[in-house]
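Please look over the sequence and model before reading on.

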Amino acid sequence: MANDINNFNFSGRLTRDAEYGVTSNEKQYLRFSIAVNSFYNGENHPSFFPIIVWGKSAEYLSQRLKKGMLVCVSGRIANNIWKDKEGNTRRDNSFIANQVVFCNTGDDNVSDAIPGDDEEF
């Protein structure tokens with residue numbers, strides 16, 4: 001089955017500087033959050049999405065992504081299920097980026113598309 005069933009495309013601004021790290025098994029990752037605006041009833045209603053980039057692209061992007069930057073992000077959604085310390089089942093969604101594009105950089109509208117590695121640990 002094609003990968004086009006599970007995908008997302010967001011355009012928004014970083015809510016804070018990106019956070020780079022390396023897992024215990026030496027996989028590089030980058031976490032950041034973007035605010036995506038929706039307009040209805042004459043008002044702006046932002047939604048916030050946590051994004052994860054895996055692999056070599058994580059280090060490259062960590063040096064460039066800063067709070068307030070406008071980016072276009074594409075990827076897939078992963079469901080996470082785990083038990084907390086009290087034994088309760090917890091769930092959330094991760095947005096795994098496989099492409100990040102810098103938008104409106106101020107350099108004659110140059111965009112820089114960075115493919116992610118779409119790895120997980």
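## Strand pairing

Which residue in β6 does I51 stand opposite? I51 stands opposite F95. The model is predicted: local features need pLDDT of at least 70 and side-chain atom pairs count only at pLDDT 80 or more, while totals for chains, interfaces and linings use all residues. Residues are numbered from 1 along each chain as its sequence is written, and side-chain values use heavy atoms, with hydrogens and water left out.

Strands (E, at least two residues) and helices (H or I, at least four) are DSSP runs, numbered from the N terminus. Two strands pair if DSSP finds at least two bridges between them. β4 and β6 run parallel and are joined by 2 bridges. The pairing of β5 with β6 is antiparallel and has 14 bridges; within β6, Q99 is the bridge partner of S74. β5 and β6 form a hairpin with 5 residues between them, and G87 in the turn has a positive phi of about 85°.

## Nonpolar core

A nonpolar core here is a set of buried Ala, Val, Leu, Ile, Met, Phe, Trp, Tyr and Cys residues joined through side-chain atoms within 4.5 Å. Buried means under 20% relative accessible area, exposed over 50%, and partly exposed in between (1.4 Å probe, protein chains only). The largest core has 20 residues, and F32, I34, I51, L65 and V73 have the most contacts inside it. Two or more residues each come from β1 (8-14), β3 (28-40), β4 (43-54), α1 (56-62), β5 (70-83) and β6 (89-103).

Contact means heavy atoms within 4.5 Å. Leaving aside neighbours within four places in sequence, F32 is in contact with L14, A18, F49, P50, I51, V53, L65, V73 and V100.

## Aromatic rings

Rings of Phe, Tyr and Trp (its six-membered ring) pair if their centres lie within 6.5 Å; planes under 30 degrees apart count as stacked, over 60 as edge-to-face and the rest as tilted. The count is 6 aromatic pairs. F10 and F49 are a stacked pair because their ring centres are 4.1 Å apart and their planes are at 25°. F10 lies in strand β1 and F49 in strand β4, 39 residues apart, so the pair links distant parts of the chain. Both residues, F10 and F49, are buried. Ring pairs join F8, F10, F49 and F95 into a cluster.

## Cysteines and K56

With a disulfide defined as a pair of cysteine sulfur atoms within 2.5 Å, the count is 0 disulfides. C72 is partly exposed at 26% relative accessible area, and C103 is buried at 15%.

K56 is in helix α1 and counts as exposed because its relative accessibility is 68%. K56 and Q28 are 28 residues apart in sequence and 6.7 Å apart in space, C-alpha to C-alpha.
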